Amino acid sequence: MSVFSSSYLLFFFLVFLFVYVRLSTSEINPIVSFDQNYHNTWGFQHFYPTNNGTEVQLSIDQYSGSGFMSKHAYGSGLFAMKIKIPKKDSLGIITALYLTSLQNNDPFGNHYEVDFEFLGGNGMPYTLQTNVFAKDSGGREERINLWFDPTADFHTYKLLWNRHHIVFYVDKIPIRVFENNTRIGVNYPSQAMSIVGSIWSDTTWASHGQPINWTEAPFVAYFQGFNINGCLENINIKTDPSECNSIKSTHYWWNGPRYMALDYTQTLIYKNVRRKHLTYSYCDDRGYLHPECQMKKY
């Protein structure tokens, strides 16, 4: 190989390395304590901070669960948290991570919400349900069977929310995309939302009517990663949301070109995971009620 060819390859390798490092470091999450950005909101005796506040444990028994919420609300962002859900026979126990505008005094059923809900079970595969509330009562459930054991170790779950779309990620793998389809009359989150984590129980849809085995209690869920990459908003003031959706701001990098759509590789991964692991989608069940089901992009 000639010296010219070697230099040519070295140049492009360095360019690639620079771009990769630049894109990767934009999502680096420094370690911060829980108290810096969140507070415990209910189930106070079932809330346990550990490791100098860099991890919290939420537990549930037949009397109470527990939950926490961010101290502020956000108008856009890439929100991530590491979670390990309860072991044992946990059918009917739900571990949740979600964004919600309910703190803005919106009545339930007329609010915005974006959900991760881990449905407990008694072994692999475990089900992860997602849902989107768009100024309504939701009804946009999708379920996937996770391809790993979420009780064995921490995994990262992310919600990207910008003016283009909402993307649900599991360990950097996109599993669901909810596009901004306001042009066809579909509501899209446009109000500030808070970040919420919780553990609670359900004996109807989550357990298929089966009773919870409370002899296994307490059930414990673990949360890490309390840094927040979001555009802070004042929920008490109706402000122009354009700042939080600016594609020109380097501070709000999740609005930039890289995050406007899935790239080619992400699209292939997205299609593959849905083909192999999607077990339910509201679009297949009652898509006629939801115009966005006719507008699938990927």
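A charge sits over a ring if NZ of Lys or CZ of Arg is within 6 Å of the ring centre and within 35 degrees of the ring normal. Lys158 meets this: its charged end sits over the ring of Tyr169, 5.0 Å from the centre. Lys84 lies over the face of Tyr222, at 4.8 Å from the ring centre.

This is a predicted model, where local features need pLDDT of at least 70, side-chain atom pairs count only at pLDDT 80 or more, and totals for chains, interfaces and linings use all residues. Residues are numbered from 1 along each chain as its sequence is written, and side-chain values use heavy atoms, with hydrogens and water left out.

Now the rings. The whole structure holds 21 aromatic pairs. Rings of Phe, Tyr and Trp (its six-membered ring) pair if their centres lie within 6.5 Å; planes under 30 degrees apart count as stacked, over 60 as edge-to-face and the rest as tilted. Phe34 and Phe47 have ring centres 5.1 Å apart and planes at 50 degrees, so this pair is tilted. The pair links distant parts of the chain: Phe34 is in helix α2 (residues 34-37) and Phe47 in strand β2 (residues 47-50), 13 residues apart. Helices (H or I, at least four residues) and strands (E, at least two) are DSSP runs, numbered from the N terminus.

Buried means under 20% relative accessible area, exposed over 50%, partly exposed in between (1.4 Å probe, protein chains only).

Tyr38 and Phe68 have ring centres 5.5 Å apart and planes at 85 degrees, so they pair edge-to-face. Tyr38 is in strand β1 (residues 38-42) and Phe68 in strand β4 (residues 66-70), 30 residues apart. Both Tyr38 and Phe68 are buried. Phe34, Tyr38, Phe47, Phe68, Phe223 and Phe226 form one aromatic cluster.

Together with residues including Phe79, Leu97 and Asn227, Tyr38 lines the largest cavity. On a 1 Å grid over the protein atoms alone, a cavity is a set of points where a 1.4 Å probe fits but cannot get out; lining residues have an atom within 4 Å of a point. Strands β5 (73-84) and β6 (93-100) each supply at least two residues of this lining.

How values were computed:
On a 1 Å grid over the protein atoms alone, a cavity is a set of points where a 1.4 Å probe fits but cannot get out, and a pocket is an open set with protein on both sides within 12 Å along at least five of seven lines; lining residues have an atom within 4 Å of a point.
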